[in-house]
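Trainee: Please pick one part of this model and look at it closely. I would like to see how that part sits in the whole.

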Amino acid sequence: MLRALRYYFDVVCPYSYILGFQVEVAEDDGLVEVDWLPFELRPAPLPDPRGEYIRGHWRGQVYRQALEHGVEIHVPSHQPRSTLALTLHSLAVEEGRSQAYKDAAHRAFFVEGLDVSDESVLREAAQEAGLDADAAMEAA
């Protein structure tokens with residue numbers, strides 16, 4: 001019997017990004033059926049990306065876990081709201097491009113250091129995922 005997993009993720013959550021790779025592999029291997037559920041982790045107030053809370057947490061937890069899982073990740077230079085980025089995920093699901101969009105949005109934020117609340121960044125992530133960027137932004 002196939003196991004079902006509800007995986008709550010936010011494109012600005014480092015743990016969603018790091019562990020999401022393993023969840024995708026388990027899904028691709030047919031070990032679990034995953035229900036990818038977008039969830040805005042920090043609607044407000046947003047922590048200061050240069051503050052000790054973020055920097056200390058990344059030094060003590062995030063980088064260690066990323067290293068253990070072999071995932072490239074960089075502390076973001078800003079902490080944007082993820083509302084629009086997560087809304088675009090719904091369209092990606094409808095178009096069968098959910099995993100590609102999640103990967104593009106996570107990479108834009110955690111590897112390239114881009115602001116995923118910026119429409120031009122989201123247009124690029126949508127296009128990279130094989131979505132029509134204009135339709136995606138209009139839908140969002």
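Mentor: Start with the surface. The protein exposes about 7700 Å², and 51% of that comes from carbon and sulfur atoms. Accessible areas here are Shrake-Rupley values with a 1.4 Å probe, and for residues only the protein chains shown count as cover. This is a predicted model, so local features need pLDDT of at least 70 and side-chain atom pairs count only at pLDDT 80 or more, while totals for chains, interfaces and linings use all residues. Residues are numbered from 1 along each chain as its sequence is written, and side-chain values use heavy atoms, leaving out hydrogens and water.

The protein has six helices and two strands. Both are DSSP runs numbered from the N terminus: helices are H or I with at least four residues, strands are E with at least two. Along the sequence the order is β-α-β-α-α-α-α-α. The C-alpha trace spans about 40 × 40 × 25 Å along its principal axes.

Of the 140 residues, 42% are buried. Buried means under 20% relative accessible area, exposed means over 50%, and partly exposed lies in between (1.4 Å probe, protein chains only). Contact means heavy atoms within 4.5 Å. Take contacts between residues at least 6 apart in sequence: 71% of them join residues at least 24 apart.

Now the part to study: helix H2, residues 52-69. H2 has 18 residues, which should span 26 Å at 1.5 Å a residue; its end C-alpha atoms are 24 Å apart, so the two agree. The expected span is 1.5 Å times one less than the number of residues. Gly-70 follows H2 and has a positive phi, near 65 degrees.

Ile-54, Trp-58, Val-62, Gln-65 and Ala-66 are its buried residues. They pack against helix H1 (14-28) and helix H4 (98-110). Look at both partners in turn.

H1 first. Its 15 residues reach 22 Å from first C-alpha to last, close to the 21 Å expected at 1.5 Å a residue. H1 also has a kink, about 40 degrees, centred on Gly-20. Gly-20 is among the buried residues of H1, as are Ile-18 and Glu-24. The cover over those buried residues includes H2, along with S1, S2 and H4. Gly-30 follows H1, with a positive phi near 75 degrees.

Leu-19 belongs to H1. Leu-19 is partly exposed because its relative accessible area is 27%. Not counting residues up to four places away in sequence, Leu-19 touches Gln-65, His-69 and Tyr-7. Gln-65 is one of the buried residues of H2.

Then H4. Lys-102 lies in this helix. Lys-102 counts as buried because its relative accessible area is 1%. Beyond neighbours within four places in sequence, Lys-102 contacts Phe-9, Glu-24, Trp-36 and His-89. Glu-24 is one of the buried residues of H1.

Last, the core. A nonpolar core is a set of buried Ala, Val, Leu, Ile, Met, Phe, Trp, Tyr and Cys residues joined through side-chain atoms within 4.5 Å. The largest has 38 residues, and those touching the most other members are Val-11, Ile-18, Trp-58, Ile-73, Tyr-101, Val-116 and Leu-122. H2 supplies at least two residues of this core, as does each of strand S1 (3-9), H1, strand S2 (32-38), helix H3 (83-94), H4, helix H5 (119-128) and helix H6 (133-139). H4 gives the largest share, six residues. In soluble globular proteins, nonpolar side chains tend to be buried together.

Notes
Bend = angle between axes of the 7 residues up to and from the residue.
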